[in-house]
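I have opened my notebook for a first visit to this protein. Come along and look things up with me.

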Amino acid sequence: MIEMRSVESVMKKIKIVLITKNAKMLIQNEIDINGKQTETGGALVGYQVQDIIVVTHASGPGEKSKRTRYSVEIDGNFTTQYCNRLNLLSNYNLYYIGDWHTHLTDCLNPSRSDYIAMTTIYKEMNIDENHSLISVILFHNCIEKVRAYAIDKNNREFYEIKAQYVPNPSCIIPYI
């Protein structure tokens, strides 16, 4: 199970996901290593401030992952270790905030399997009202095309959130 630091402020619906230069670089590196014919993905680490999520790090899917043209099955043990390591290194300021994956087409709507995966993670982690969980979907061939989604805690439905790339905040420099 991934260790998480609780968020002090009561959470409202997430309004924006800020993806740092560091996280963007890690995602692009994974895509470049993976090649053009299979989806890839991994875990997202960062922090939440009220209705904003900042993505600071992104893992790959791990050696035991299964990647195909239309899906990626992430190695949970690998991503849990990745997230826990950053959580400890940052003195519990950075923590697991969701997953990312690519689509080989520029249709970045969540698929049925995306929805099932996210709701399963949400239930298994016993997410409370103070913490949000996101899913980021990127176009495999051009990650400038990106969409982010969160789960509405009341009806367990995905809703889209604005996502944008930003420079690295100074507070994460020691963990890059």
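Here are my entries, from the whole chain down to one strand and one tyrosine.

**Entry 1: confidence**

I noted at the start that I am reading a predicted model. I looked up the confidence and found a mean pLDDT of 86, with 88% of the residues reaching 70 or more.

**Entry 2: the layout**

How many helices and strands does the protein have? I wrote down three helices and nine strands. Going along the sequence, I read the pattern β-α-β-β-β-β-α-β-α-β-β-β.

Next I looked up the contacts with a separation of 6 or more, and 72% of them join residues 24 or more positions apart. Of the 176 residues, 51% count as buried. For the accessible surface I noted about 9,200 Å², and carbon and sulfur atoms hold 51% of that area.

**Entry 3: strand 7**

I then picked strand 7, which covers residues 134–139. Is it mostly covered or mostly open? It is mostly covered, with six of its six residues buried. As a reminder to myself, side chains in a regular strand alternate between the two faces of the sheet. In strand 7, I found Ile134, Val136 and Leu138 on one side, and Ser135, Ile137 and Phe139 on the other. Both faces are covered, as these residues are all buried.

**Entry 4: the partners of strand 7**

Which way do strand 6 and strand 7 pair? I found that strand 6 (residues 95–103) pairs with strand 7 in the parallel sense, over six bridges. In this pairing I can point to His101, which stands opposite Ile137 of strand 7.

Strand 8 (residues 146–151) pairs with strand 7 too, but in the antiparallel sense and over five bridges. Here Ser135 stands opposite Tyr149 of strand 8. I traced the link between strands 7 and 8 as well: a hairpin of six residues joins them.

**Entry 5: Tyr95**

My last stop was Tyr95, which I located in strand 6. Why does Tyr95 count as buried? Its relative accessibility is 0%, so Tyr95 falls under the 20% cut-off for buried residues. I also looked up its separation from Tyr82, which lies 13 residues away along the chain. Their C-alpha atoms are 9.9 Å apart.

Conventions
Residues numbered from 1 in each chain as written. Predicted model: local features only at pLDDT ≥ 70, side-chain atom pairs only at ≥ 80, totals over all residues. Heavy atoms only, no water. pLDDT = per-residue confidence, 0-100. Helix = DSSP H or I, 4+ residues; strand = E, 2+ residues; numbered from the N terminus. Buried < 20%, exposed > 50% of the residue type's maximum accessible area, 1.4 Å probe, protein only. Contact = heavy atoms within 4.5 Å. Areas by Shrake-Rupley, 256 points an atom, 1.4 Å probe, with all protein chains shown as cover. Pairing = 2+ DSSP bridges.
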